[in-house]
Protein chains: 2
Amino acid sequence: MIHKPLSDPRSEALTRKPAGGRSSKALQKGQATRAVILDAALALASHMGLEGLSIGALAESTQMSNSGVFAHFGSREELQISVVREYHAKFEEEVFFPAMRELRGLPRLRMLFERWVKRVSVELDSGCIYISGAVEFDDRPGPVRDALVVMVVAWHAALERAIRQAIEEGHLRQDTEAHQVLFEVHGLILALHHDARFLRIPGALDRARKGFERIVQFYKTNYETNTLLESSPSVTTRGKTKR
Amino acid sequence: MIHKPLSDPRSEALTRKPAGGRSSKALQKGQATRAVILDAALALASHMGLEGLSIGALAESTQMSNSGVFAHFGSREELQISVVREYHAKFEEEVFFPAMRELRGLPRLRMLFERWVKRVSVELDSGCIYISGAVEFDDRPGPVRDALVVMVVAWHAALERAIRQAIEEGHLRQDTEAHQVLFEVHGLILALHHDARFLRIPGALDRARKGFERIVQFYKTNYETNTLLESSPSVTTRGKTKR
């Protein structure tokens, strides 16, 4: 089953489309250059924030001319929005889609969290653009803020869906408030980013994982034990693969 | 008993000292002006971040000349550091000192959290400088980052002390890891700031409080019940006031 991307249907254009087969050589070369600039912009934004991006800084970083960069991104705002979308596409690839391969319910939720933690840890040399972007733009209404909000909301909706599925599958208690679990899990990630990136103290990764386990234990049912008890040839197991 | 301020002993100069009785009128007027500028700077930084501060922006906001502002803060960096210290002093007044009036242990820890939540909520129109500062400066080594780190570390140390005291008082279990509780509580505050400020979704306050209650319930002993059972004239109660 093909999973829909995280992107909200209102923002279909947001994930990058692969080059068409009949593109001219020039178009392909242009797209390759754009991809190089975008990667450089992503790296720059991870360190300096989205507001630290400028056509000039990027030209310097890619050793291109200002007009060369400008040709691909008409304005600084367009550049920032493209970076947000690119970040989102990478996030989907690394966090969302791999977790979708796990069994529906708690296994998938665990993998979503673990992948998220890994990504934030990898970013500890740079920084998570969602997190820095949220702080940079919480008081700056406009298209860049809107693009960020769409991405964050889509990601949070996917997480919440996974939590609800875990409730439906009977892995988490029926009275579990999905919003509450989402809030607390998100808090762990933010604390991880802060302690590791800003305070540079060790052990934040373990604490994030421990915190997640505590949340899971609080809401968990005995589904694992039940599955073992029920798994005899004549009884349908609860753990059947549902996508 | 007078409680030591949050400030780390290495940073004694950081909390604002009251004007001395023998200051000349000019000095008093200078201090008053400095206070006005500092308040304006605090407000500006809450919206624009510390990096959004400039002598020029402040001059405009206070309707003073650039040189007038510059006379009080020799450089932008000095201005930023003064704002960090001022923020810290206000934080101590509003969050730390009131909580110290509570009984040592869980009552005090609850009040620290509640005051912290209230402050972040009040800041929802503006923003918490610790939180935005951490993101702005995590990749910008220098005196401003150092000043922020000192403040944040002092505040976290105070929280951790309160957690340890709750363990010592027998309100929280002996096997409670204070660092872990601190990490999770901090995460709730960061999630609150994010959801309320960036996503502008309602209900974040309740979720933060619920999350805190869940953490407390996880680690709590039956000290309240025990205190009731033990409170007979011939037995010393566990709940005696210790500061």
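Contact means heavy atoms within 4.5 Å. Of the interface residues of chain B, 98% are also interface residues in chain A, so the copies meet through the same surface. This is a predicted model, in which local features need pLDDT of at least 70, side-chain atom pairs count only at pLDDT 80 or more, and totals for chains, interfaces and linings use all residues. Residues are numbered from 1 along each chain as its sequence is written, and side-chain values use heavy atoms, with hydrogens and water left out.

Chain B is superposed on chain A by a rotation of 180° with 0.0 Å of shift along its axis (RMSD 0.0 Å), by least squares on the C-alpha atoms of residues with pLDDT of at least 70 in both. The two copies are thus related as by a two-fold rotation axis. In chain B, the C-alpha nearest the axis belongs to B:Gly187, 2.0 Å from it.

Ring pairs link A:Tyr87, A:Phe91, A:Trp116, A:Tyr130 and A:Trp155 into a cluster. Rings of Phe, Tyr and Trp (its six-membered ring) pair if their centres lie within 6.5 Å; planes under 30 degrees apart count as stacked, over 60 as edge-to-face and the rest as tilted. By this rule the count comes to 16 aromatic pairs over all chains. The rings of A:Tyr87 and A:Tyr130 have centres 5.1 Å apart and planes at 75°, so this pair is edge-to-face. Both A:Tyr87 and A:Tyr130 are buried, where buried means under 20% relative accessible area, exposed over 50% and partly exposed in between (1.4 Å probe, protein chains only).

Notes: Chains are lettered from A and ligands numbered from 1 in the order in which they are written.
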